[in-house]
Amino acid sequence: DHLLCVCVRLQVVLKIIKHYQEEGQGSEVVQGVLLGLVVEDRLEITNCFPFPQHTEDDVDFDEVQYQMEMMRSLRHVNIDHLHVGWYQSTYYGSFVSRALLDSQFSYQHAIEESVVLIYDPIKTAQGSLCLKAYRLTPKLMEICKEKDFSPEGLKKACIGYEHMFEEVPIVIKNSHLINVLLLDLQEKSTVADKHELLNLSSSNHLEKSLQLLMDRMDDMSQDIGKYNTYCRNLSKQQQQKQQYLQRRQQENAQRQSRGEPPLPEEDISKMFKPPQAPARMDTLLIAGTRGVNGRRSPSIKRLFLPAYSTGHWKFIVLCLKESIHELINSAMNGSV
Amino acid sequence: MCCCPATARIPWRPALSFSSSPFVIFLHFLYKIMAVHGPLVKIHPVVLASIVDSYERRNEGASRVIGTLLGTADKHSVEVTNCFSVPHNESEDEVAVDMEFAKNMYELHKKVSPSEVIIGWYATGYDITEHSVLIHEYYSREAPNPIHMTVDTALQSNKMNIRAYVSSQMGVPGKTVGVMFTPLTIKYIYYDTERIGVDLLQRTRASPSRTNGLTTDLAQVASAAGRVQEMLSTMLSYIEDVLSGKVMADNSVGRYLMDLVNKVPKITAEDFESMLNSNINDLLMVTYLANLTQAQIALNEKLVVL
C-alpha cells in the first residue's frame with residue numbers, strides 16, 4: 001500500500017516537543033502513540049499521547065491498560081481514537097535498533113499504513129524542526145514475517161541497507177482557527193531570543209556525531225569479523241568432509257581387495273555439523289544507521305556564508321545577534 | 001517589523017452569582033478601577049492548540065467546551081503546560097460536568113509527568129456565565145486558588161482573545177456575598193525548540209492550502225540570515241533618524257548600541273580567515289570520511305550478497 005504523505009497537525013508537533021523537553025533530558029528516548037485517520041492515500045495524524053518512562057519501582061504498571069484507558073477517555077471527547085503509529089525521540093540520529101524494528105513491524109502488521117515519527121531534538125535546537133516519518137519497506141516486512149535472518153534468506157530477498165526504511169514526506173496542515181491563533185501568538189510574543197541556526201561553532205555536535213559514528217563502525221567491524229570466521233570455518237569443514245570421504249573410499253577399496261565387507265556409509269552430515277550462520281539482521285541495522293545518517297549537518301553551508309562575503313563584516317553581524325534582539329526589544333518597548 | 005508588548009491589557013469583567021441588588025451595583029462601580037494583582041500566567045502554545053482542537057471537535061449543540069489546565073505554580077506565577085478537555089452538558093438552568101472523567105484523565109496524565117498539578121480550568125467563549133461560577137467552585141476544591149482561562153473561539157472582536165482570571169470574594173461579609181473574577185496578565189512562554197516549531201508553522205498562514213512542508217536546511221539558514229539583516233536595517237534607520245534630529249535620542253538605547261559595538265571581538269582579518277578555513281577543512285574532512293564509510297558499506301553489501 002503506497003502512502004503519499006503524512007499530514008500532521010500543529011498540536012501533535014508541539015506535544016512531541018513538549019514531551020521530550022519535560023521528560024526526556026539526557027540521552028533517554030521518549031515514546032508515545034499517534035492517533036489519527038487514513039484518508040485516501042494520506043495519513044492524517046490529529047493527536048498523540050505520551051508513554052510514561054519505564055521505572056524500576058513501577059513493576060506492576062500495565063502499559064496496555066494505560067493505553068486502553070487513554071483511548072477510551074479520548075473517545076468521549078470526540079478525539080480520533082484510531083491507532084496509526086508511534087513516535088520516538090532520537091539521540092543524534094542513532095534510532096535504528098532491533099527494538100525499533102520489532103515495534104514497527106508489529107504496528108505495520110496490524111495496521112497497514114502506520115508510521116514511526118522520529119523527532120530529533122538536538123537538530124531542532126540547532127534551528128530547524130527535524131521530524132521524519134519512516135515505514136518498513138514491503139521486502140523487509142516479508143523477511144520479518146518469516147523471521148529468516150540468515151544470509152541465505154537475506155540474499156534471496158536482495159535487501160541492502162538502503163531498502164530497509166522508506167521515508168514518507170511530512171506536511172503540516174492547520175485549520176483556519178489555528179491560523180488565527182498563530183497570528184495572535186505572533187503579535188503578542190517577543191522576538192525570538194536565539195538564532196541558533198546562524199551559530200558558527202558547531203564543533204560540539206560534530207564531535208558527538210563522529211563519536212557515535214565510530215562506535216557504529218566498531219560494531220560493524222566486529223560483526224564482519226564474525227562473518228569472516230564463519231566463512232573460514234565453513235570452508236575448513238568442507239575440506240575435512242572431502243578428506244573423510246576420500247579416506248573412506250580408500251579403506252573400502254582395500255577391504256574389497258581383502259574380501260571383507262565394506263564399512264557402511266555413515267551419515268556424514270551428522271558428524272560435521274555446519275557452524276551457525278550469524279544473524280545478518282544486526283549488520284543490516286548498523287548499516288542502516290549509517291545510511292539514514294548520511295546527510296551531513298548544515299554546518300558547512302553556514303560556514304560558506306561568511307566565507308563568500310567580503311571581509312568579516314557578516315561575521316561581526318553574526319556575533320552580535322543577541323545584542324540586536326535586546327536592542328530591538330527595548331527600542332520597541334521604549335517607543336510605545 | 002513591529003512587536004506589541006508582551007502584556008495584554010485586559011478589561012475588568014465581574015460575574016455575580018446573585019441577581020444584582022442596588023447595593024451590589026454600587027460596589028460594582030466602586031471596584032471599577034482595579035489594580036491587576038495576582039499571579040502572572042505563563043502559557044505554552046501547546047495548551048492553546050489543544051483548546052482550539054477540542055473546540056473544533058465539540059459535540060453537536062454544544063456552544064462551548066471546558067477542560068482542565070495542568071501545570072506548575074509558584075509564588076508569583078503560574079505556568080500552564082498541559083490541558084485536557086472534559087465532557088459537559090450545559091443548558092439554561094443547569095450544568096453537568098463529568099467529574100469522574102476529569103479525575104481519571106488527571107491520574108493518567110500524572111503517570112507521564114508527575115510534576116504537573118491541576119491549576120485551573122478553561123472555557124471557550126467570550127463571557128463568564130453563571131455556570132462558570134459553579135464550575136469554578138468545583139475546581140477550587142481540587143486546587144488552591146484555581147485560575148480560569150477563556151479563549152474566544154467565536155472571534156467576537158475579530159481576534160482570539162485569551163484571558164485569565166482568578167476569583168475572589170466580594171461584597172459585605174455577612175450579607176450578600178458575591179464572587180468576582182479579577183483579570184491576570186498573560187505571557188506566552190516557549191521552550192527553545194517550541195519556539196522553532198511555532199516559527200516554522202507561522203508559514204502555514206501564508207500558503208493558500210494551509211499546508212507546509214518541512215523546508216531544507218539551506219532555505220532555513222537563508223531565512224535566518226535575512227531576519228538578522230532586517231533587524232540591522234531597522235536599527236540603522238533609527239540611528240539615522242536620531243542623527244538627523246528627527247527622533248529624540250534615548251540614552252538607554254544609546255548604551256545598548258555601545259554594548260553592541262564593543263561586543264565585536266578584536267580579531268584581525270588574517271586571523272579570522274585562518275580560523276574559518278581550518279573550520280571548513282575539518283568539516284570537509286568529516287564529509288570525506290562519511291562518504292568513505294558509505295562506499296565501504298556498499299562494497300561490503302555487494303561482497304556478502306555474492
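On a 1 Å grid over the protein atoms alone, a cavity is a set of points where a 1.4 Å probe fits but cannot get out, and its lining residues have an atom within 4 Å of a point. The model examined here is predicted, so local features need pLDDT of at least 70 and side-chain atom pairs count only at pLDDT 80 or more, while totals for chains, interfaces and linings use all residues. Residues are numbered from 1 along each chain as its sequence is written, chains are lettered from A in the order in which they are written, and side-chain values use heavy atoms, with hydrogens and water left out.

Five cavities of 30 Å³ or more were counted. The largest cavity holds about 340 Å³ of space, a volume being the space filled by probe spheres set on the points, which are joined across faces, edges and corners. Its lining consists of 27 residues, and A:K15, A:C48, B:N82, B:C83 and B:H109 lie nearest the centre. At least two lining residues each are supplied by α1 (10-23), β3 (42-50) and α2 (63-76) of chain A and by α2, β3 (77-86) and α3 (99-112) of chain B. Helices (H or I, at least four residues) and strands (E, at least two) are DSSP runs, numbered from the N terminus. The largest share, six residues, comes from α1(A). By class, the lining has 13 nonpolar, nine polar and five charged residues; Ala, Val, Leu, Ile, Met, Phe, Trp, Tyr, Cys and Pro count as nonpolar, Asp, Glu, Lys and Arg as charged, and the others, Gly among them, as polar.

Chain A contains 13 helices and eight strands. Of its 336 residues, 48% are buried (under 20% relative accessible area, with exposed over 50% and partly exposed in between; 1.4 Å probe, protein chains only). In helix α3 (residues 98-110) of chain A lies A:Q108, which is buried because its relative accessible area is 4%. A polar atom of the A:Q108 side chain lies 3.1 Å from the backbone nitrogen of A:L136.

In chain B, B:H44 occupies the loop between β1 (40-43) and α2 (45-56). Its relative accessibility is 2%, so B:H44 counts as buried. The side chains of B:H44 and B:E79 make a polar contact (3.1 Å), that is, a pair of N or O atoms within 3.5 Å; within protein, one must be able to donate a hydrogen and the other to accept it, and residues adjacent in sequence count only if both atoms are side-chain atoms.

Terms used: On a 1 Å grid over the protein atoms alone, a cavity is a set of points where a 1.4 Å probe fits but cannot get out, and a pocket is an open set with protein on both sides within 12 Å along at least five of seven lines; lining residues have an atom within 4 Å of a point.
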